[in-house]
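Could you walk me through this model, strand by strand and then through the side chains? I'd like the cut-offs spelled out along the way.

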Amino acid sequence: TYYEGECGEERLVRGEQPDASGLIVAYYEGERGAERQVRKALADGSVLHFEGEIGAEREVRCELSSGDVQFYEGERGAERVVREQWLDGTV
């Protein structure tokens, strides 16, 4: 776990969690006590991107290790793919 900020004002900026397939790294933004997850790097090279307030972060984009990108809409826990962009640029 990684923090930034002055003594007494530290805020969470990164967390690491071992997984069966490797290490998952989560990145956070926000003031102390209101940090929200904005990105998660998976062991396979995929990167998930999140938007929303703390506790309501929802996945909005997934950059797959293959180079393809999936875009999501919906509330947290009910996200659905609405568009895919392949590595060659086709949608």
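Alanine 26 sits opposite lysine 40 in E4, in a pairing where E3 and E4 run antiparallel and are joined by five bridges. Strands (E, at least two residues) are DSSP runs numbered from the N terminus, and two of them pair if DSSP finds at least two bridges between them. Keep in mind that this is a predicted model: local features need pLDDT of at least 70, side-chain atom pairs count only at pLDDT 80 or more, and totals for chains, interfaces and linings use all residues. Residues are numbered from 1 along each chain as its sequence is written, and side-chain values use heavy atoms, with hydrogens and water left out.

The hairpin of E3 and E4 has six residues between the strands, and glycine 30 takes a positive phi near 125 degrees there. On to the other partner of E3: strand E2 (residues 11-19) runs antiparallel to strand E3 (residues 22-29), with six bridges joining them. Here aspartate 19 stands opposite glycine 22, and the hairpin of E2 and E3 has two residues between its strands.

Back in strand E4 (residues 36-41) you'll find glutamine 37. Its relative accessibility is 14%, so glutamine 37 counts as buried (under 20% relative accessible area; exposed is over 50%, partly exposed in between, with a 1.4 Å probe and protein chains only). Leaving aside residues up to four places away in sequence, glutamine 37 touches Ala26, Tyr27, Tyr28, Phe50 and Glu57, where contact means heavy atoms within 4.5 Å.

Glu57 from that list has a charged partner too: glutamate 57 forms a salt bridge with arginine 76, the closest N and O atoms being 3.3 Å apart. This pair links distant parts of the chain, 19 residues apart, with glutamate 57 in the loop between strands E5 (47-51) and E6 (58-63) and arginine 76 in the loop between strands E7 (69-73) and E8 (80-85). Glutamate 57 is buried at 11% relative accessibility, whereas arginine 76 is partly exposed at 49%. The structure holds six salt bridges (a side-chain nitrogen of Lys or Arg within 4 Å of a carboxyl oxygen of Asp or Glu). Another of them joins arginine 14 and glutamate 16 at 2.3 Å, N to O.

What about the rings? Arginine 39 lies over the face of tyrosine 27, 4.1 Å from the ring centre, and arginine 83 does likewise over phenylalanine 71, at 4.0 Å. The rule asks for NZ of Lys or CZ of Arg within 6 Å of the ring centre and within 35 degrees of the ring normal.

Technical notes: Helices (H or I, at least four residues) and strands (E, at least two) are DSSP runs, numbered from the N terminus.
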